[in-house]
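Have the structure open and follow along as you read.

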Amino acid sequence: MSNGDIFVGEVIGTAILILFGAGVCAAVTLKHSKARASGWVVIAFGWGFGVLAGAYTAAPLSGGQLNPAVTIGIAVDTGKWDKVWVYLLGQMVGAMLGAVLAYLVYLAQFNANVTSGSGEGEAEDDGPTPTLGIFSTIPEINNPVANLITEIIATISLVLPILAFGLTKGLGESGTTVLIVSLLVVGIGLSLGGPTGYAINPARDLGPRIVHSFLPIPNKGTSGWGYAIIPVAGPLIGGALAGLIYNAAF
């Protein structure tokens, strides 16, 4: 795979991943969305389908890694680092592009994110909806050590099976590896996503967080930079540990 193919594949695939993922979070979160308040299960499956669409699309060009933690895990296992920077750059650009696209899809809902309904004869509004959680992760309990441990374990639970799937010849031949990984992401969301919102992907969290900081969203609130290191460091550590475990055990 050429550097150009890798970059284009990762940009497109990661953009699709974030478009679906941030899109489902916007659908569930924002007022005037038909899917508002449909719940965590919907979010988990939305992210899983984002992995499905993004990875299958990118696979012919780049292999569809779409996640710096996966890229680092593969590099730690194989010792091949020469193209890592291309993957990471494509993933970050794609994540930012996907966040912008999700914003444009829900532009009217974001623009309606204002306090209203206080006039005579109007229902009282419950105020503007926080928007950072549409783009990036926010812990339910702000405990840096616990949050970091959660992200490390959740990412190992993603990357180690992905590496092991490569040993399962039938999955590769049937083309179902990406489908299985997508279901794995849904499972991680349902089982391990409660504490932190399961970043398990540094680009998925950092790229949209950067985009959130400059988008003209009414009442958008803070971009949460005080927490931002956790969903970057945790997945990178988890990906590296998964690569070491896989290399030692298999």
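The largest pocket holds about 1200 Å³ of space. Keep in mind that this is a predicted model. As for what surrounds that space, 49 residues line the largest pocket. The second largest pocket comes in at a volume of about 220 Å³.

**The largest pocket**

- Sorted by class, the lining of the largest pocket has 28 nonpolar, 18 polar and three charged residues.

**The second largest pocket**

- Its lining is made up of Met 1, Ile 6, Gln 65, Thr 71, Ile 74, Ala 75, Thr 78, Lys 80, Asp 82, Lys 83, Val 84 and Tyr 87.
- Two or more of the lining residues come from each of H3 and helix H4 (84–105).
- H3 is the top contributor to the second largest pocket, giving four residues.
- The class count for this lining is six nonpolar, three polar and three charged residues.

**H3 against H4**

- Those two helices also pack against each other: the H3 and H4 axes sit 9 Å apart, at an angle of about 170°.
- Angles over 145 degrees count as roughly antiparallel, so H3 and H4 are roughly antiparallel to each other.
- On the H3 side, the contact uses Pro 68, Thr 71, Ile 72 and Ala 75, and H4 answers with Val 84, Tyr 87, Leu 88 and Gln 91.
- This H3–H4 contact has six nonpolar residues, two polar ones and no charged ones.
- Thr 71, Ala 75, Val 84 and Tyr 87 belong to this contact, and these four residues are also among those lining the second largest pocket.

**H3 against H11**

- H3 has another partner in H11: their axes come within 7 Å and cross at roughly 30°.
- Angles under 35 degrees count as roughly parallel, and that makes H3 roughly parallel to H11.
- The crossing of H3 past H11 is right-handed.
- H3 brings Pro 68, Ala 69, Ile 72, Gly 73, Val 76 and Asp 77 to the contact, while H11 brings Pro 235, Leu 236, Gly 239, Ala 240, Gly 243, Leu 244, Tyr 246 and Asn 247.
- Split by class, the H3–H11 contact has nine nonpolar, four polar and one charged residues.

**H10 against H11**

- Helix H10 (residues 202–214) packs with helix H11 (residues 230–249) at an angle of about 160°, and their axes are 8 Å apart.
- Are H10 and H11 roughly parallel or roughly antiparallel to each other? They're roughly antiparallel, because their angle is over the cut-off of 145 degrees.
- H10 makes a left-handed crossing as it passes H11.
- The touching residues are Pro 202, Asp 205, Leu 206 and Arg 209 from H10, plus Pro 231, Val 232, Pro 235 and Leu 236 from H11.
- In the H10–H11 contact there are six nonpolar, no polar and two charged residues.
- Pro 235 and Leu 236 of H11 take part in this contact with H10, and both are also in the contact with H3.

Technical notes
Residues are numbered from 1 along each chain as its sequence is written. This is a predicted model: local features need pLDDT of at least 70, side-chain atom pairs count only at pLDDT 80 or more; totals for chains, interfaces and linings use all residues. Side-chain values use heavy atoms; hydrogens and water are left out. Axes are lines fitted to C-alpha atoms, for helices over the stretch in contact, and angles run from 0 to 180 degrees between N-to-C directions. Angles under 35 degrees count as roughly parallel, over 145 as roughly antiparallel, 65 to 115 as roughly perpendicular and the rest as oblique. A crossing is left-handed if the near helix is turned anticlockwise from the far one by less than a right angle, and right-handed if clockwise. Contact means heavy atoms within 4.5 Å. Ala, Val, Leu, Ile, Met, Phe, Trp, Tyr, Cys and Pro count as nonpolar, Asp, Glu, Lys and Arg as charged, and the others, Gly among them, as polar. On a 1 Å grid over the protein atoms alone, a cavity is a set of points where a 1.4 Å probe fits but cannot get out, and a pocket is an open set with protein on both sides within 12 Å along at least five of seven lines; lining residues have an atom within 4 Å of a point. Grid points are joined across faces, edges and corners, and a volume is the space filled by probe spheres set on the points.
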